[in-house]
Amino acid sequence: MSFLSVDQDLARDSYYAATAPREVRFPALDGEVQADVVIVGGGLAGLSAAIELADRGRQVVLLEARQVAWGASGRNGGQAIAGLACDQSVIEQQLGKEPARNVWDMTLEALDLITQRCQRFGIDCDWQPGYMSLAVNARKAAELRKWQEHMHHSYGYQTTWIAPQEMGRWIASPRFHSGIHDARSGHLHPLKYSLGLARAAQRLGVRIYEDSAVTRLQTGARPRVHTARGQVVAEQVLLAGNVYLQGVAAQMESRIMPVGTYIVCSEPLDPVLCASLIPSRSAACDTNFVLDYFRPTADHRMLYGGRVSYSTATPRNLVASMRKRMATTFPQLASCRIDHAWGGFVDISMNRAPNFGRLLKDGAQGAPSDGSYSVRSHHANVYYLQGFSGHGLALTGLAGKLVAEAMTGDAARFDIFARLRHRSFPGGARLRMPALVLGMAYYRMRDAL
């Protein structure tokens, strides 16, 4: 069974879908249409780029294989966090300190962009400020404190240290040693936010087509993007479908892997109990490599994510195992009912850094494997955004803005990200997934020890 078939099953019991009904459906593409830009993928990255390009006067067509925000954009943990999925040291080592500072500042801009778009387009997505990163033992606490001090001294980023004796004021859990609180980051209802962006894009003149999976991409001076019932002829193409782009641009696929992640949501809790669990109502996650993440919802539920699958197979007894994880963190919830359980796939890269670039005429990607940068990539008209690695709720919005800047003549900020070096997953098409499963088993063991 392909991961796409598994993904359809995982989408059926989403808390987000149950609390954000789709009031508008978009037609399927039928026949040939013309555009300045065609975007493949109706998630947060594609919708953000569509809005930015429409603001710049471009005629945009957006193609979505199923429904807008079908994938990770509408099913994720809802945590909008500063930074990237990889440690900032990865960016420093590859690009140097000043470009790394630019990247960090852009991730803060990504958070501001959420607020700006909610205000501009009247999107009510249950935004709640605050995020905690929590260490489960003294060793991990020392690593977290070192990170906090580095970010303060090198980037001027302020967070609040939560000492062991102070943990009870921040979270009613026996599991954590200490942590940090980040007031700049926060959490929201991702499907409400995504659907709000889709409505905004439509009002700006973006033509959105759902149920329009791309079957073929023809590159050239005026690329053609084909679906089962039509095609779009455009000046430029943006590939923003992440793990769902299989077969469209094969040369991109080896640099990302689909990883399953799973979430449950409790029944509505007594508001007093819910408030006592995390008094600041912040989102939270631990600092393990294979981490747990959780947050209270606006309607007083506990939303809890954790288990992952690197083989695309859904874990057995998913609800029971997730309930156990939640009860380990919050024993107060051991007997509460689980109302929703769902999951989906995120696109991880080898180094967990985002992979942005252009496809060159010969099909290569915009940044050579040795890390050198090719000026001729400026002449390519097929752009891509992928590799958000489970940290994309805010970053996808920024990515859409950066690629719109590049497409309209100012590629300076986009090219900072395009310079990041990425390697293919080892093992080739047949063995790279088993190799990843073995590698992640090592990290699980290290977390346990």
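Setting aside neighbours within four places in sequence, Val 264 touches Met 302, Leu 303, Tyr 304, Met 322, Ile 338, His 340, Ala 341 and Trp 342, where contact means heavy atoms within 4.5 Å. This is a predicted model, in which local features need pLDDT of at least 70 and side-chain atom pairs count only at pLDDT 80 or more, while totals for chains, interfaces and linings use all residues. Residues are numbered from 1 along each chain as its sequence is written, and side-chain values use heavy atoms, with hydrogens and water left out.

Val 264 sits in strand S11, residues 257–266. Helices (H or I, at least four residues) and strands (E, at least two) are DSSP runs numbered from the N terminus. Val 264 has 0% relative accessibility, so it counts as buried; buried is under 20% relative accessible area, exposed over 50%, and partly exposed in between, with a 1.4 Å probe and protein chains only. Its C-alpha atom is 7.2 Å from that of Val 319, 55 residues away along the chain.

Next, the helix pair. H3 (residues 44–55) and H8 (residues 190–203) pack at about 30 degrees with axes 9 Å apart. Axes here are lines fitted to C-alpha atoms, for helices over the stretch in contact, and angles run from 0 to 180 degrees between N-to-C directions. H3 is therefore roughly parallel to H8, the class for angles under 35 degrees; over 145 is roughly antiparallel, 65 to 115 roughly perpendicular, and the rest oblique. From H3, the contact uses Leu 44, Leu 47 and Ile 51; from H8, Tyr 193, Ser 194, Leu 197, Ala 198, Ala 200 and Ala 201.

Now the loops. Which value of phi does Asn 317 have? Near 50 degrees, which is positive in a residue other than glycine. Asn 317 lies in the loop between strand S14 (302–309) and helix H11 (318–329), and is exposed at 63% relative accessible area. Ser 389, also not a glycine, has a positive phi of about 60 degrees. Its loop runs between strand S17 (382–386) and helix H12 (392–407), and Ser 389 is buried at 11%.

Last, Arg 301, in the loop between strand S13 (293–296) and S14. Its relative accessibility is 11%, so Arg 301 counts as buried. Beyond four places in sequence, its contacts include Tyr 15, Cys 265, Glu 267, Asp 339 and His 340.
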